[in-house]
Amino acid sequence: MAQARHLNHAPLREALIDIQFDAPLPLQAVLDLANSKASKFDRARDLRSAWVGLHLTETDAKTSGQATIVGKRLESSHPPHVVQYRVNGFTFSRLHPYESWKHLADTALPLWEEYAAVGVSKITRIALRYINEVKLPIGAELSDYLASAPHIPQGLPQDLAGFLQRFVIVNQPAGCTAIVTQALEDSPDGAARSEATVVLDIDAFWQGSTGPHDEQLITTLEALHNFKNDLFFKLVTERTLELFE
């Protein structure tokens, strides 16, 4: 188990705060708020929800579908932020390079407060997701870097071309859950692989009911962050952390 500490070069591909609520907001109010922020970002595009239906008969099959605008996505390169305003939720992402948890929260929460003022009545889900990528030399022993590396039984070929592991871990004292995914990422088709990329995705979340401006939002995010940190440092080894100091 690795010693928890600050990493100067954290292996974050994306860190995000996601907040969902019960009663959808009016679409126009969501778009008006997003458009008022768009000048501070490099790019803006509509978010759409789509459905596809298949109707079968004895002689034929027909498809139908529809896409509906549900919000807006704003993106900036400097700093690398993404904000999603949806009729039923809000997401703030920090892309690589990651700075700190304090910076992430201090940037996201004022945007959330403005959005909640549009008419959010009750939060039903709060999530904190960190997607890490660990680049290793080809042929590296995974158990040197991952505390729960996949194990191939003796007597079988030991050359591993890919793997996918998923854990759902419940933290009852904190009242939250985490979905942890470890996977060996495929290289682009035809590309020569000089290193292997292991993705460590930790999605910690709380479900319940709280007001949009209640202190529980802050305390829940702190609990999720502590849970996420505990998972990360128990899932990697000291040799992994040495790559990012």
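A polar contact is a pair of N or O atoms within 3.5 Å; within protein, one must be able to donate a hydrogen and the other to accept it, and residues adjacent in sequence count only if both atoms are side-chain atoms. Such a contact, of 2.7 Å, joins the side chains of serine 93 and glutamate 14. The structure is a predicted model, in which local features need pLDDT of at least 70, side-chain atom pairs count only at pLDDT 80 or more, and totals for chains, interfaces and linings use all residues. Residues are numbered from 1 along each chain as its sequence is written, and side-chain values use heavy atoms, with hydrogens and water left out.

The protein chain has 4 helices and 9 strands (DSSP runs numbered from the N terminus, helices being H or I of at least four residues and strands E of at least two). Their order along the sequence is β-α-β-β-β-β-α-β-β-β-β-α-α. The C-alpha trace spans about 60 × 60 × 40 Å along its principal axes. Of the 245 residues, 43% are buried (buried means under 20% relative accessible area, exposed over 50%, partly exposed in between, with a 1.4 Å probe and protein chains only). Among contacts (heavy atoms within 4.5 Å) between residues at least 6 apart in sequence, 68% join residues at least 24 apart.

Serine 93 lies in strand S5 and counts as buried because its relative accessibility is 1%. Leaving aside neighbours within four places in sequence, serine 93 is in contact with Glu14, Ala15, Leu16, Pro80, His81 and Val82. Phenylalanine 92 is also placed in S5, which covers residues 89-95, and counts as buried at 1% relative accessibility. Phenylalanine 92 and leucine 16 are 76 residues apart in sequence, but their C-alpha atoms are 5.5 Å apart in space. Residues touched by phenylalanine 92, not counting those up to four places away in sequence, include Leu16, Val83, Leu104 and Leu111.

Lysine 72 belongs to strand S3 (residues 61-77). With 10% relative accessibility, lysine 72 counts as buried. The side chains of lysine 72 and aspartate 46 are joined by a polar contact of 2.8 Å. Beyond four places in sequence, lysine 72 touches residues including Leu31, Ala34, Asp46 and Tyr85. In helix H1 (residues 27-37), the residues Val30, Leu31, Leu33, Ala34 and Lys37 are buried. Viewed down the axis of H1, these buried residues fall within an arc of 165 degrees, so they line one face of the helix (the arc is that of the directions from the helix axis to the C-beta atoms).

Pockets were located on a 1 Å grid over the protein atoms alone, a pocket being an open set of points where a 1.4 Å probe fits, with protein on both sides within 12 Å along at least five of seven lines; lining residues have an atom within 4 Å of a point. The largest pocket has a volume of about 460 Å³ (the space filled by probe spheres set on the points, which are joined across faces, edges and corners). Its lining has 19 residues, and Ala140, Glu141, Leu142, Gln158 and Leu160 are the closest to its centre. The second largest pocket has a volume of about 310 Å³. Of the 18 residues lining the second largest pocket, Leu7, Ala10, Tyr98, Lys228 and Asn229 lie nearest its centre.
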